[in-house]
Structure formats: C-alpha cells, structure tokens
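Here is a short briefing to read with the structure open beside you.

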Amino acid sequence: MASVDPALVAALVERMRRALQAAADAEIRFEVYRRVRVQLAQAGYGRDDEYAIRLAAEYAIREIEHEYSGEPNEEEAGIARTVWSFVDPMSDHYVLGDRIALDPVAARLFESTRDPAQEPGYGILMRFNMIFNLWLRAINHEASMDRIGYVWLVADPFIHVLLICFMPLFVNPRNIMDMPSFTFGIVGACFWLTFRTSLLGAMFGGGGLQSQMEHPPVRQIDVMAARALNALIIYATVGACMIGLAMWLELAYLPHDPVGFAFFYLLNWIFGLSYGTVIHSLLIRYPGVRRINGFFMRVLAIMSGLFYASEQLPQEISSIFLYNPLLHIVQFGRSAWFREYTTTDASLTYVFFFSSALILLALVCRVIDDRWPGQVRP
Amino acid sequence: MQPPIAAARAAIQDGELERALDIIRSGLADDPEDEQLALLGAALLRRLKATLRRKVRERDYPEIIAVAAALLDDEEAADSAAEALIGAARASLPAKEFAALLMAVSDRRSHPRIWKELGRVLHELPVTPRTIEKGFEILTHLPGNDAVLSDLADLVMRLRTRPEALDGPEE
C-alpha cells in the first residue's frame, strides 16, 4: 500500500461500510463503489496526490470486497500464495517435480486418489478406445446408408472375396503348389482386400468420419486408423466365415502357425494404412495423384500374388514381381497357413526394411500434414 | 447523411465487418423497428460466427482477433469470441503486444474475460497516465482485485519516479 494514506483508506472503508447493509449484493456494492469514486473525483484532488487518493479508494474497495467474499486478508493470502508456489508447476519453488519418497501409508492414500491419466499406458489405451469407438461410428454410418445396410456391410466383402477366390479355382480347381485352391484364394483375397480397403480408408482421410474431427481430442490419424480398422475387422470376419465354410465342406484346415499368420495379416494391414497415409499426404498437395494411384493399385493387385505364388512364375517375371513387398507378405502369410508350402522367394529382411521405411514415412507425413495450412486444427 | 443500412452495406463491401456491425447496432438503437437493418445485422452476425469458427480451425490468428473483437458485444457469441481472441492473441503476439492489443480492444468493447486478462498483463503495458487510467477502469470491472491493484500501485510509483512521463508522449 505504498504512498497511500492508511487513515484515508480506513475512513473510506468506514464510509462504505455505513452505506452498505450486511447482505448487500454485488450490484449494490458496485453502485456504492461507483458513488465513492465519483464523489472523490467531484471533490477534486490536486494533481500531485490524485493517484494516491484514487488508489486509497481502490484499497478501501478491496477491504470491503474481502469482507463480503470471505477471501483472506493480504497476509493470509500471502501465506496461501507461498504454499501454492510449492505445488504450482510454473513456480520457481515447485517441489513436486521430483518424486517424493512417501511412507507406505501415505503412498497407499495417494494411490487411491491418483488420476487415471497418470497411469502408464493410459494415453495409448484411451487412443485405442477412441479409434474403436470411431470404428463403431463408421460401421453405423455405412450401415445406415440403406435399409439392408448391415447385411450389405458383410455381403459386399463376401462377394468380393468369393469372386477373387474363383480365379485360382479356374486356374487349378484342386491344388496350387500342393495348397488347396479354395483356401489359397481366400488367403490371397483377404490379404489383398484388407490392404486395398485400409489403404483407401486412410487415403481419403476418413470419409464419413471427417466430421468427428470437430472433437478436439480426435486427430486425423485416429479417423484414418478407424477407417482402416473397418477393413481389417470386416475382411478378417469374412475370411474366417469362409474358411469355416470351407472346413465344413472339408476343403480347408486351420493354419499350422496361427501366430505367424496373424502377424503377417496385421503387417499387411499396417502396410495398407501407412501407404494410404502417404498417398493422403500427396493428395493434399497434388490431387492428380489419385488417378496415378488408381492405375498403380491395379498393377499392384496383379503383382501381389492373389492367384499365384511367385515360385510358380518364370524367373524373369518373379524377379520383377518380388520388388513388391506385399507379395512377400502374402507369401509369408500363406507359408504360415499351409503345411505344404514354405516360401523360398520371399525375404524377411526386405519386408522388415520396407515396412519400417513406409511406417516411418507415414508418420513423417502425418507430422508434416498436421502443420499444413488448411489442415491445422484448433 | 447516409442511412444506416446503406452505410452498413458499404462497410461490408469494404470488408470492414466490425464497423458495419457498429453502424447496425447504433442504427437499431436509434430505430429498433427498422426490420431491414435488423435482418442485415442478423445475417452479418451469422457470417461473423461462421467465419470465426472457420478461422479458429485454420488457426488464422490475425483474422480470429479481428472477427472475435467484433463479436464481443454479441450476447450469444461473446464468451467464446473472448476466449478465441485471447487464445489467438496469446498464441501469436509477444507479451507486450498482447497487452497492447487487449487494451485497444477494451477501449471499444467490454467483456469480463477481456478485463480479467488485461488485469493479468497490466504490468506489461508502458508506464503512462493512459495505462494508469486503464488500470483504474479495470478495477471498476474487477473491484478489489489484488493483482490489478498491486500492479496499478506499482505503475503509479514508477510513473512518479519518471515525472517527464506525465507530460511527454505516450510510449
């Protein structure tokens, strides 16, 4: 309260107390304050002490406000501020930066009040939960397009897989390199369609889920992942149903290495998601990429071993086709499923390096796109 | 003299939406029955709100500040406009410019959030009589605010140690 006359402040406080009743609401108090300010201005203050008088009025108002609000006085508030400075992360006196050694009783007490967001892995769990819920929304969105939406949701992929399955059956009705043709076709079709659909889901940046990005925690990558998850779940379900049907007809059997098969199927999905993310990034800048990609996808479909194994092909052709990492993944997937077949052409090193590079490139694209003008979100 | 609706339209055509809104408001204050002016005002408000939403999404800070300032008097959008304005200004401006911007906005519009924020950054403003007057004005909106009062007392003390500031040009 430097340079302010305490006697003047006390006199003003007394004056305002008299003007205010015990339970004066904010409106009445503000009116009293206004009158005090006006009266002081009308009384006139010499230039030298004008600010001192006006400040005295404001200090007096503060006294009254503290009385009404029940806030502590300056000294008590000072103590409170000191205490807060120990727990305020922005303060120089912050003491909670380092983990404090707690005795067992205190540790138990703190454990019960711990914020779930502090739990290790909570952020990742929440993100998975968000992606799963976005997927549910995507399903509802697609299924609500027409009356037989839910039926069509499964029927459409089912027909797709079936159509692709018939291709190897036409080429060889019984076996392809000792593998049952029907199962061979299902595996190839499910791998390719999962890749293609997850790629398209990611490439178009989320489609019907775009509006969900209005929610601040939802990021573009969540929406893309949810769309791609749709492909994974639907084609895995359709593939499992068809294999089940084939097993019932004694045309197929379960994979001899289910873990390996699941790994390569997931890798195939991640491959599609990453590739779609990269294409999405290019589409933002060069919309014409869409046409080139459409053509490229057709070439990729032929090169991905849907209807054949690379070991069947002439050396000259297989050496070119094996530049396609997807062919390697499909062949490893088939090797994991069929006892009769172990790929000799596919390279795990090639798949590893290509996948790592693509995933890394996709992540870089996402980071850059989040900062791209027009893509920036609040 | 140009009728308010024509003046407002001219301001809109010049891209001065905030001025257009002010013209409409003062026109409606003079003649609350002017239906055309009320319709134009409602359409302009809708456009400003949509623009603000878009600009927030695009993180176009200067535009957010300009549009949000115009919406500070709108009952429905004032709170979110004040938040947007403060957020955009804090994100895009250094501390002193941020404080100067809030001071300029508070000269034209009054919103509790703006007063609170200005109270917090009062110490960033130059030591001038105008700043001190602004400090007293903040206290009329936030009576008894400890931080503002302490900053204001400090400003007064600093001004007294630089008496030339009383007569000299403002910083």
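A helix axis here is a line fitted to C-alpha atoms over the stretch in contact, and angles between N-to-C directions run from 0 to 180 degrees. Please keep in mind that this is a predicted model. With that in hand, let's start with a pair of helices in chain A.

**Two packed helices in chain A**
- Helix α10 (residues 258–285) of chain A and helix α11 (residues 289–303) of chain A have axes that come within 9 Å and cross at roughly 150°.
- Angles over 145 degrees count as roughly antiparallel, so α10(A) is roughly antiparallel to α11(A).
- From α10(A), the residues A:Tyr275, A:Ile279, A:Leu282 and A:Leu283 meet A:Val289, A:Arg290, A:Asn293, A:Phe296 and A:Met297 of α11(A).
- Sorted by class, this contact of α10(A) with α11(A) has 7 nonpolar, 1 polar and 1 charged residues.

**Chain B at a glance**
- Chain B has 10 helices and 0 strands.
- Of the 171 residues in chain B, 46% are buried.
- Taking contacts in chain B between residues at least 6 apart in sequence, 51% join residues at least 24 apart.
- B:Arg59 sits in the loop between α3 (35–58) and α4 (61–70) of chain B, and has a positive phi of about 55° although it is not a glycine.
- B:Arg59 is partly exposed, at a relative accessible area of 38%.

**Salt bridges**
- Over all chains, the count comes to 32 salt bridges.
- One of them crosses between chains, from A:Arg62 in helix α3 (residues 50–69) of chain A to B:Asp146 in helix α9 of chain B; the closest N and O atoms of this pair are 3.0 Å apart.
- In that pair, A:Arg62 is buried with a relative accessible area of 5%, whereas B:Asp146 is partly exposed at 24%.
- B:Glu58 and B:Arg54 form a salt bridge (3.9 Å, N to O), and they are 4 residues apart in helix α3 of chain B, about one helical turn.
- B:Arg120 pairs with B:Glu117 in a salt bridge whose closest N and O atoms are 3.0 Å apart; both lie in helix α7 (residues 112–120) of chain B.
- B:Glu117 is buried, with a relative accessible area of 3%.

- B:Asp151 lies in helix α9 (residues 146–161) of chain B.
- Leaving aside neighbours within four places in sequence, B:Asp151 is in contact with B:Gly119, B:Leu122 and B:His123.

Methods. Residues are numbered from 1 along each chain as its sequence is written. Chains are lettered from A and ligands numbered from 1 in the order in which they are written. This is a predicted model: local features need pLDDT of at least 70, side-chain atom pairs count only at pLDDT 80 or more; totals for chains, interfaces and linings use all residues. Side-chain values use heavy atoms; hydrogens and water are left out. Angles under 35 degrees count as roughly parallel, over 145 as roughly antiparallel, 65 to 115 as roughly perpendicular and the rest as oblique. Contact means heavy atoms within 4.5 Å. Ala, Val, Leu, Ile, Met, Phe, Trp, Tyr, Cys and Pro count as nonpolar, Asp, Glu, Lys and Arg as charged, and the others, Gly among them, as polar. Buried means under 20% relative accessible area, exposed over 50%, partly exposed in between (1.4 Å probe, protein chains only). A salt bridge is a side-chain nitrogen of Lys or Arg within 4 Å of a carboxyl oxygen of Asp or Glu.
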